[in-house]
Amino acid sequence: MEQNDNNMTLTNRQGHPISDNQNIRTVGNRGPSTLENYHFIEKISHFDRERIPERVVHARGAGAHGYFEAYGKVGQEPVSKYTRAKLFQEAGKRTPVFVRFSTVVGGTHSSETDRDPRGFAVKFYTEDGNWDLVGNNLKIFFIRDPLKFPDMVHAFKVDPVTNIPNPERMFDFVSNSPEATHMITFVFSPWGIPANYRQMQGSGVNTYKWVNQEGEAVLVKYHWEPLKQGIKNLTQKEASAIQAKTVSHATQDLYEAIERGDYPEWELCVQIMSDDEHPELDFDPLDPTKLWDQERFPFLPVGKMVLNKNPENYFAEVEQAAFGTGVLVDGLDFSDDKPLQGRTFSYSDTQRYRVGTNYLQLPINAPKTRVATNQRDGQMAYIVDRAPSQNPHVTYEPSSLGGLEEAAPAGKEHQPAYSAKLVREKISRPNDYKQAGETYRKFEDWEREELISNLVDALKICKPHIQEKMIEHFTKADPDYGRRVAEGLKQARVDTAHLGSEAARDGAEKAQNAGKHTDGY
């Protein structure tokens with residue numbers, strides 16, 4: 001009994017001590033096994049179920065714990081002027097956070113050097129419940145309508161027949177979606193491959209609202225800016241050299257930095273704009289394919305985030321971490337940004353399918369404040385969300401029999417007004433090319449050269465009509481931009497007789513011609 005009381009003794013999931021974890025029970029040492037091998041059956045059946053469905057996007061990820069420390073101001077003004085969200089009000093106030101970084105298109109074991117946006121999702125465990133700020137490293141997106149999102153992801157994923165990545169599918173979609181020109185300009189520049197997760201920016205991408213005590217709202221965009229570690233991006237040549245040695249460099253870099261006490265830090269900044277249509281702008285401020293000019297709408301610091309603790313178990317924390325753009329606390333609100341509206345349903349719905357009905361009861365997702373709901377049961381329910389003095393017979397509201405009661409309002413409700421027809425129309429100021437051209441011209445010479453090289457390398461296997469449409473988009477953004485891509489494609493060796501990129505074809509041929517023949521065994 002003494003050895004079974006040892007807290008290091010192996011048990012099964014029922015708590016039974018296991019004295020032999022090496023051998024199943026058989027009739028003799030080489031005879032058939034028996035059905036009552038309970039320990040084996042429990043162990044192997046759990047093993048058969050160790051994985052949950054992979055995220056459709058953002059499957060490859062790394063994460064860490066830390067805290068957010070508020071400045072109590074937005075820029076030089078009291079933050080209460082714009083929002084009543086409690087986590088921002090007091091200088092020095094710390095809120096626990098969990099952050100998950102990710103790549104977007106590739107699967108769970110894809111390479112972290114892939115040219116791809118990076119996810120930057122932060123879960124704040126506030127005193128008013130959780131707030132999820134779910135974004136990317138880049139400040140804009142490919143599309144402005146959520147109806148196009150499934151098609152976009154399908155186009156960017158591997159070919160459904162060959163299971164091989166093929167840039168022609170992506171450019172086929174993009175060439176017919178001119179609003180993507182700006183994002184393509186970023187993704188195919190060095191900004192498309194951050195050096196690691198610590199040395200990259202983050203952004204909420206979509207437009208949100210802040211609401212103050214009087215119910216007055218302003219439009220806001222969120223941005224994470226690295227503090228001590230700075231920002232670094234990779235060229236394609238550098239990324240390829242890293243990938244030849246590891247596909248997990250960013251995960252390793254983050255983990256090892258935190259283990260050695262080199263805690264990464266980011267400053268959270270917001271851009272603020274009045275809550276109206278802004279006819280003086282040549283774009284709609286709710287359009288996520290656009291940047292807000294920093295000179296007109298400066299970055300205003302509101303706090304900093306420090307990551308100082310690695311996960312104890314990757315699956316329990318990083319893989320099961322579930323984020324949603326609809327997870328907001330009082331003082332934060334939605335704007336009418338169309339993709340934000342679409343994401344707000346899709347993200348949490350995905351988690352209910354992927355992790356389970358009660359995914360919010362998992363420790364990594366559960367708020368660190370009191371939870372009391374009338375939601376009950378469902379697969380894997382292991383906590384009853386009941387208040388201590390709640391009548392357990394009452395699972396509804398309103399009630400006069402000791403049930404839960406509504407909270408008192410924390411401030412005046414924000415009530416946006418609408419007066420328009422219900423239509424299917426794109427926004428009236430698409431302006432698909434201007435900012436793409438501005439971004440191209442702001443790049444340094446080496447960044448423009450890398451952009452052109454990467455685009456030519458990807459486009460050269462595409463059919464001519466796709467190349468022509470992309471050149472047209474780039475030319476409308478900036479004549480020099482289009483001219484250089486066109487000249488690069490003329491000089492490139494055109495070979496459309498294979499699947500995927502030229503680099504992938506080259507790798508397959510090298511493997512075929514390498515190695516030595518050997519007899520079987």
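Which residues does Thr-113 touch, not counting residues up to four places away in sequence? In this predicted model, they are Arg-118, Ile-193, Ala-239, Ile-242, Gln-243 and His-249, where contact means heavy atoms within 4.5 Å. Residues are numbered from 1 along each chain as its sequence is written, and side-chain values use heavy atoms, without hydrogens and water. Because the model is predicted, local features need pLDDT of at least 70 and side-chain atom pairs count only at pLDDT 80 or more, while totals for chains, interfaces and linings use all residues.

Thr-113 lies in the loop between strand 4 (94-103) and strand 5 (118-126). Helices (H or I, at least four residues) and strands (E, at least two) are DSSP runs, numbered from the N terminus. Thr-113 is buried, at a relative accessible area of 3%. Buried denotes under 20% relative accessible area, exposed over 50%, and partly exposed the range in between (1.4 Å probe, protein chains only). The side chain of Thr-113 makes a polar contact of 2.7 Å with the side chain of Ser-111. Another polar contact, of 2.9 Å, links the side chains of Thr-113 and Gln-243. A polar contact is a pair of N or O atoms within 3.5 Å; within protein, one must be able to donate a hydrogen and the other to accept it, and residues adjacent in sequence count only if both atoms are side-chain atoms. Gln-243 is also one of the residues that Thr-113 touches.

Asp-132 is a buried residue of a strand. It lies in strand 6 (residues 129-136). Its relative accessible area is 1%, and Asp-132 is therefore buried. The side chain of Asp-132 makes a polar contact with that of Lys-123, at 3.0 Å. Not counting residues up to four places away in sequence, Asp-132 touches Val-122, Lys-123, Ala-322, Phe-323, Gly-324 and Val-327.

Helix packing was examined next. Two packed helices are described by the angle between their axes and the distance between the axes. Axes are lines fitted to C-alpha atoms, for helices over the stretch in contact, and angles run from 0 to 180 degrees between N-to-C directions. The axes of helix 3 (residues 149-156) and helix 4 (residues 167-175) come within 7 Å and cross at roughly 150 degrees. Helix 3 and helix 4 are therefore roughly antiparallel. Angles under 35 degrees count as roughly parallel, over 145 as roughly antiparallel, 65 to 115 as roughly perpendicular and the rest as oblique. Helix 3 contributes Asp-151, Met-152, His-154, Ala-155 and Phe-156 to the contact, and helix 4 contributes Arg-169, Met-170, Phe-173 and Val-174. These residues divide into six nonpolar, one polar and two charged. Here Ala, Val, Leu, Ile, Met, Phe, Trp, Tyr, Cys and Pro count as nonpolar, Asp, Glu, Lys and Arg as charged, and the others, Gly among them, as polar.

Phe-173 sits in helix 4. It is buried, at 14% relative accessibility. Leaving aside neighbours within four places in sequence, Phe-173 is in contact with Ile-143, Lys-148, Asp-151, Met-152, Ala-155 and Phe-156. The C-alpha atoms of Phe-173 and Asp-151 are separated by 8.1 Å, with the two residues 22 residues apart along the chain.

Helix 4 also packs against helix 12, at an angle of about 50 degrees and with the axes 9 Å apart. Helix 4 is therefore oblique to helix 12. The crossing is left-handed, meaning that the near helix is turned anticlockwise from the far one by less than a right angle, whereas clockwise would be right-handed. Glu-168, Phe-171, Asp-172, Val-174 and Ser-175 of helix 4 meet Ile-466, Lys-469, Met-470 and His-473 of helix 12. The contact comprises four nonpolar, two polar and three charged residues. Glu-468 lies in helix 12 and is exposed, at 54% relative accessibility. Its C-alpha atom is 8.9 Å from that of Ser-175, 293 residues apart along the chain.

In helix 10 (residues 434-442), the buried residues are Gln-435, Ala-436, Gly-437, Thr-439 and Tyr-440. Their cover includes helix 5 (181-187), helix 11 (445-459), helix 12 (464-477) and helix 13 (479-491).

Asn-163 has a positive phi of about 60 degrees although it is not a glycine. Asn-163 is in the loop between helix 3 and helix 4 and is exposed, at 57%. The peptide bond from Glu-397 to Pro-398 is cis, with omega near 10 degrees.
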